[in-house]
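Trainee: Could you walk me through this one? I'd like to start with how the chains meet.

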Amino acid sequence: MTVESTAATRKPRRSSKRAGAARTPKAPDEPQLVQLLTPEGERVEHPEYEVDLTPEELRGLYRDMVLTRRFDAEATSLQRQGELGLWASLLGQEAAQIGSGRALRDDDYVFPTYREHGVAWCRGVDPTNLLGMFRGVNHGGWDPNSNNFHLYTIVIGSQTLHATGYAMGIVKDGADSAVVAYFGDGASSQGDVAEAFTFSAVYNAPVVFFCQNNQWAISEPTEKQMRVPLYQRAQGFGFPGVRVDGNDVLACLAVTKSALERARRGEGPTLVEAYTYRMGAHTTSDDPTKYRTDDERQAWEAKDPIQRLKTYLEKQKFADEAFFTGLETESETLGKRVREAVRAMPDPDSLAMFENTHADGHALVDEERAQFAAYQASFADSDEEGN
Amino acid sequence: MAGKNMSIAKALNESLRKALDTDPKVLIMGEDVGKLGGVFRVTDGLHKDFGEDRVIDTPLAESGIVGTAIGLALRGYRPVVEIQFDGFVFPAYDQIVTQLAKMYARALGKIKLPVVVRIPYGGGIGAVEHHSESPEALFAHVAGLKVVSPSNASDAYWMMQQAIQSDDPVIFFEPKRRYWDKGEVDTDAIPHPLHKAKVAREGSDLTLAAYGPMVKVCLEAAAAAAEEGKSVEVLDLRSMSPIDFDSVQTSVEKTRRLVVVHEAPVFLGTGAEIAARITERCFYHLEAPVLRVGGYHVPYPPARLEDEYLPGLDRVLDAVDRSLAY
Ligand SMILES: Cc1ncc(C[n+]2csc(CCOP(=O)(O)OP(=O)(O)O)c2C)c(N)n1
């Protein structure tokens, strides 16, 4: 296990150590990555990254992953039942999201894509808030400042620039918080991501670019996005890139923490590539059987992020039967709460579409709102007459 | 410095200076805005006096400029970004349209996006391609944005103050061929509301409605028409989103004739919207159809042809005559 860090600022001591290490040519599906917990649930050491968690903390990470998966499954079935118009599942990416999400401090800020349900969970965003846009009652609908968790961004890559700008603001404020920008392997092809790399490097912005390489951008494999491993791209911009086992919650936590600390120390951005797999469809509208094989999925199932932590907890006797059954009950309760909340979610009032277009108002919007209200009222009148 | 005579560029500069001075959250960002003071020197001296933390030279990446300005606004700053020329706003158009314009609504009003995007726009300076365009209708069409353009130094000064103070994103189109036109600026005045039109010249026979660079042409046309005994009112719209239709209506109810003038292509432009709305509002007052004078539906032509493309005195007067002939 070699770290493939491309650190412009790394100490020579480390690179010489690495240079001396024997390098085995890497198989295309087995990248070299930072790992602390193997797929078999074995704890392993890494020369640069370390976590030291109590059994309780480890159970906490496990609980986060299980509940996030349960929430995600509930949302998927709610979509199947017609309660949501669409859902983007995070199945398989729980470790990447919980690991990175739990590395954050309260005053850090997150700029997500549309799939970061696990990160939202870590930020304390009520999961039912995430469903409004998928149900079609709003286009976001939460106050980003209440949990330092920005709105989901659909235009891929856009939010990496917002994250960078926000991080530039942190520097100006003299604060020591940091920002994490989430994006996908497909998004890495977008110009905005390259511009975000440039800006963050130039202004030394405390931002961690957390790319979940889940191998697919809808139907396009990573080979259609890049010719060099993603994390290596950071080198060209002048900051370190590191590839982490995205199905290893401990490694994701350790690597993100270290990148955040680096950012806080004023050493600028880091690109973290969490090498993982999207086990479900891209969204509920997608049919992955058209472009990928069962074998592939099964190979990744063997690396399931939740199962490996479970194995470890059991082996170490860090969790007993009561913990697991208790968690099952908690999952069911969460599922039920989400289901009920979604079903109870009212359609917005039709005049709501005129609200919040401008902070300072706009004459045309006011005029059209009045016209629309009058038009609607004309039906109310005729209803009354009909009665 | 109340009642000082200064160019539009200087008025903008003074206005930006005042904003930087009074609000520590105001930032200037863009390509060459720092040491050089911008290619039109609108930010001249600001870098020297406020430092590179406030007046920021950015990488050459328009999407990056607007995208990071959004992030800074989310952090509580009020960035004023400069897009060097009209034709180079398009790499940032995505950020402006999909992000800047919509974020306030998506957050149900819980966050503010006080970003000003300054764009020197329009032709008449003999530039190469992408340096003379008038894309204002593309922005005015997008809900969530406000779009304004001053035509004189006083408005340049005050409208910039108001744009920066606005909690909404404002696309601020600066008429680049008028940058050096001078006018009186009273920095102690009570400013005219940002989105309200102004009567630039009173008249009774016909209304010319224009904004930005074309206001001057319309004033010249009105002066020429006066020599022929025609009384032409000139309305400076100042804001393309929202458009102050009430003021246009008031003027048209008086003069009964309207010609809208802008540099941008006539097709699907600001003039089309005004013609449609005013026809609806003033149908029984109008003595003639609303006419439009503007650019053609072609790429902005090479400099040697721009005098043909841009509405000049003759084309405006011709439209005045056509309207009066009904
Ligand atoms: C600019 C843009 N182009 C296209 C799309 C449509 N689209 C939505 S998600 C997606 C794939 C994104 O893949 P990736 O970045 O790898 O993220 P993932 O969904 O796999 O997490 C595409 C093409 C979009 N949302 N935005």
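Trainee: How many residues of chain A are in contact with chain B?
Mentor: 44 residues of chain A are in contact with 45 residues of chain B, where contact means heavy atoms within 4.5 Å. Keep in mind that this is a predicted model, where local features need pLDDT of at least 70, side-chain atom pairs count only at pLDDT 80 or more, and totals for chains, interfaces and linings use all residues. Residues are numbered from 1 along each chain as its sequence is written, chains are lettered from A and ligands numbered from 1 in the order in which they are written, and side-chain values use heavy atoms, with hydrogens and water left out.

Trainee: What area do chain A and chain B bury between them?
Mentor: About 3500 Å², with 56% of it on carbon and sulfur atoms. Buried area is the accessible area (1.4 Å probe) that two parts lose on being put together, summed over both.

Trainee: And how many salt bridges across that interface?
Mentor: The rule finds 5 between chain A and chain B; it asks for a side-chain nitrogen of Lys or Arg within 4 Å of a carboxyl oxygen of Asp or Glu. One pairs A:Glu367 with B:Arg277, with the closest N and O atoms 3.3 Å apart.

Trainee: Which elements of chain A give two or more residues to that side?
Mentor: Helices H6 (144-147), H7 (158-173), H8 (191-202) and H14 (363-386) of chain A. Helices here are DSSP runs of H or I, at least four residues, and strands are runs of E, at least two, numbered from the N terminus. The largest share, 11 residues, comes from H7(A).

Trainee: Switching to the ligand: which residues come nearest?
Mentor: A:Tyr114, A:Arg115, A:Ile154, A:Gly186 and A:Ala187, out of 15 residues around the ligand; a residue is near if one of its heavy atoms lies within 4 Å. A polar side-chain atom of A:Tyr114 lies 2.6 Å from a ligand oxygen atom, and a backbone N or O atom of A:Gly186 lies 2.7 Å from an oxygen atom of the ligand.

Trainee: How much of the ligand does the protein bury?
Mentor: Taken alone the ligand exposes 580 Å², and the protein buries 72% of that. Those areas come from the Shrake-Rupley method with a 1.4 Å probe.

Trainee: Where is the cis peptide bond?
Mentor: It joins B:Ser241 and B:Pro242, with omega about -5 degrees. B:Pro242 sits in the loop between strand E12 (239-241) and helix H9 (245-255) of chain B.

Trainee: Back to salt bridges: what does A:Arg369 pair with?
Mentor: A:Arg369 forms a salt bridge with A:Glu355, the closest N and O atoms being 3.4 Å apart. A:Arg369 lies in helix H14 of chain A and A:Glu355 in the loop between H13 and H14, so the pair ties together parts that are 14 residues apart in sequence.

Definitions and conventions:
Polar contact = N/O pair within 3.5 Å; in protein donor to acceptor, adjacent residues only side chain to side chain.
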